[in-house]
Amino acid sequence: MMQQVQFSRFPIELCCWIGALVLLYLSNPGMHHFTLCPLENVGVDWCPGCGLGRSLTLLMHGEFVASVSMHPLGIPAFLVLVHRIYCLTKLNITAKLRYL
């Protein structure tokens with residue numbers, strides 16, 4: 001007879017999104033730092049996503065005009081991330097209540 005192993009449902013995606021927003025909040029948008037953008041690392045001058053992280057950082061520090069000027073999709077991206085965090089939190093709470 002085979003035993004069934006039950007894994008705990010640790011919310012990895014939820015922790016990643018919250019961690020990403022916390023790290024962006026703690027970063028300094030004025031400093032240039034290492035980037036994970038493959039286009040910028042190769043030397044391409046234009047990338048559709050470059051500036052999005054700095055835009056989110058500026059937005060979380062209350063600098064709305066600077067955020068929009070850094071990347072126009074910063075505010076919609078922030079709203080999508082907050083909505084995703086809300087949905088994942090709600091899903092995890094209802095799943096835990098179901099098992100009680």
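The model is predicted, with local features requiring pLDDT of at least 70 and side-chain atom pairs counting only at pLDDT 80 or more, while totals for chains, interfaces and linings use all residues. Residues are numbered from 1 along each chain as its sequence is written, and side-chain values use heavy atoms, with hydrogens and water left out.

**Stop 1: helix α3.** Select residues 52–60, which form helix α3. Helices are DSSP runs (H or I, at least four residues), numbered from the N terminus. Ser55, Leu56, Thr57, Leu58 and Leu59 are buried in α3; buried means under 20% relative accessible area, exposed means over 50%, and partly exposed lies in between (1.4 Å probe, protein chains only). After α3 comes Gly62, with a positive phi near 85°.

**Stop 2: α1 against α3.** Where do they meet? Leu21, Leu24 and Tyr25 in α1 meet Gly53, Leu56, Thr57 and Met60 in α3, contact being heavy atoms within 4.5 Å.

**Stop 3: Tyr25.** Select Tyr25, which lies in helix α1. At 42% relative accessibility, Tyr25 counts as partly exposed. Leaving aside neighbours within four places in sequence, Tyr25 is in contact with Met60 and His61.

**Stop 4: the nonpolar core.** Select Leu14, Leu21, Leu56, Leu81, Ile85 and Leu88, the six residues of the largest nonpolar core. Such a core is a set of buried Ala, Val, Leu, Ile, Met, Phe, Trp, Tyr and Cys residues joined through side-chain atoms within 4.5 Å. Helices α1 and α5 (74–99) each supply at least two residues of this core, and α5 gives the most, with three residues. Now centre on Leu81: apart from its neighbours within four places in sequence, Leu81 is in contact with Trp17, Leu21 and Leu56.

**Stop 5: the cysteines.** Select Cys16 and Cys15. How many disulfides does the whole structure hold? A search finds zero, a disulfide being a pair of cysteine sulfur atoms within 2.5 Å. The sulfur of Cys16 is 7.1 Å from the closest cysteine sulfur, in Cys15, too far for a bond. At 48% relative accessibility, Cys16 counts as partly exposed.
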